[in-house]
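Me: Could you walk me through this structure? I would like to start with the ligand and then look at the chain.

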Amino acid sequence: SSGIPPMTSPPTGTIASVPRRPATASLCSAMSPDSPQPSVFVAGHRGLVGSALVRRLEREDVEVVTATRDELDLRHQSAVNDWFETNRPDQVYLVAGTVGGIMANSTRPAEFIYDNMMIHGTVVEAARQTGVDKLLYLGSSCIYPRQATQPITEEQLLTGPLEPTNEWYAMAKISGIKLCEAYRKQYDCDFISAMPTNLYGPNDNFDLTSSHVLPALIRKFHEARNDAAPTVEIWGTGSPMREFLHVDDLAAACVHLMHTYSEDVHVNVGTGIDLSIRERAEKVRDIVCPHAELRFDTSKPDGTPRKVLDVTKLNETGWRPSIELEAGIRSTYEWFLDQQATDLRGIDDAQHG
Ligand code: GFB
């Protein structure tokens, strides 16, 4: 793609980390006088998923409302109740949470279980109290048993032990699904849940200690390209199988489910196609730094051997993903390069200003 500079003129400088950019919440202009726009709260709008949802909702006839972490700590029930009383959203996309890759999940189990349980507890309860019309809760494919039959159907939830590297996060996410189900049963709330596979795209976390594998690979190969390094280190054996979905596809699926789905059972969101981490690393290598060799660090964990989702239920609702993996990796790398250029310009401006 034209956005990626050739190897002969690599961008100069490296970055310590790529900060997340706040997504700008916008008010859609095409308001009909007869039907006021629904107000839609995207909880977690600065993250990978929330920022993609805000971009996607700009195309809908809705008013998007957001709150930064400084404005509203979603772990505190009374603050969340006050915010809902004041803002009265009609719909909620509950995509906020403490998230991270295999290492962050293993080393910060308390944060992963506490933050996520509190966030969904407060938001779901405030949504009930203020009569929210519809809420979509976002889980994760790690909710399923480590030894689940592949591809994984929704019915396999709670049929076996979890993968130890992310059981704390998985427990929180399972309780979130059950929370929505319970509110549907007891209070007749129209709260639904979607379970995405591994995600990637713009506004991801590229910090090597806490990120997921895809942004880590983009950054590692980019740095190898800048430094003309012959090898890139890949964690684990390279044999685990993973399925990846571009976050813009996930955002489109969430909006689709918000409009079309109203049942107890959560819905898997993915492509139904997986590749090994080795194959994935080779794809990123071919795009970013074709001459680098892969070196596997088997002292690092592999995590679950395979977790490809059965997406029959989603397909039956009439939705399919449209972003092909190679194009998605390319555009995410272009975003990463733009981000880096912006950061470098920011440093120059500060130095010369
Ligand atoms: O994306 P990831 O961190 O999480 O790792 P999970 C996926 C696979 O990529 C593992 C390997 O086998 C890693 O060992 N890998 C190779 C790397 N190189 C790297 C690297 O540089 N960084 C990272 N991070 N991995 C997560 C869960 O599991 O999946 C979350 O921990 C969430 O809770 C998410 O559910 C969807 O796919 O193993």
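Reply: The answers below take up the ligand, then the chain, then some single residues. This is a predicted model, in which local features need pLDDT of at least 70, side-chain atom pairs count only at pLDDT 80 or more, and totals for chains, interfaces and linings use all residues. Residues are numbered from 1 along each chain as its sequence is written, and side-chain values use heavy atoms, with hydrogens and water left out.

Me: How many residues surround the ligand?
Reply: There are 22, and the closest are S140, K220, R242, P301 and D302. A residue belongs here if one of its heavy atoms lies within 4 Å of the molecule.

Me: Which polar atoms lie by the oxygen atoms of the ligand?
Reply: A side-chain N or O atom of S140 is 2.8 Å from a ligand oxygen. For a polar backbone atom of V213, the distance to a ligand oxygen is 2.9 Å. A backbone N or O atom of D302 lies 2.5 Å from an oxygen atom of the ligand.

Me: How much of the ligand does the protein bury?
Reply: The protein buries 97% of the 700 Å² that the ligand exposes when taken alone. Such areas come from the Shrake-Rupley method with a 1.4 Å probe; for residues, only the protein chains shown count as cover.

Me: Which elements give two or more residues to that shell?
Reply: They are α3 (102–107), α6 (213–227) and β7 (231–235). Helix α6 gives the most, with 3 residues. Helices (H or I, at least four residues) and strands (E, at least two) are DSSP runs, numbered from the N terminus.

Me: Now the chain: how many helices and strands?
Reply: The chain has 10 helices and 12 strands. Of its 353 residues, 52% are buried. Buried means under 20% relative accessible area, exposed over 50%, and partly exposed in between (1.4 Å probe, protein chains only).

Me: Back to α3. Is S106 buried or partly exposed?
Reply: S106, which lies in helix α3, counts as partly exposed because its relative accessibility is 32%. S106 and E167 are 61 residues apart in sequence and 8.8 Å apart in space, C-alpha to C-alpha.

Me: And the cysteines: how many disulfides?
Reply: The structure holds 0 disulfides, a disulfide being a pair of cysteine sulfur atoms within 2.5 Å. C142 is buried, with a relative accessible area of 6%. C289 is buried as well, at 3%.

Methods:
A polar contact is a pair of N or O atoms within 3.5 Å; within protein, one must be able to donate a hydrogen and the other to accept it, and residues adjacent in sequence count only if both atoms are side-chain atoms.
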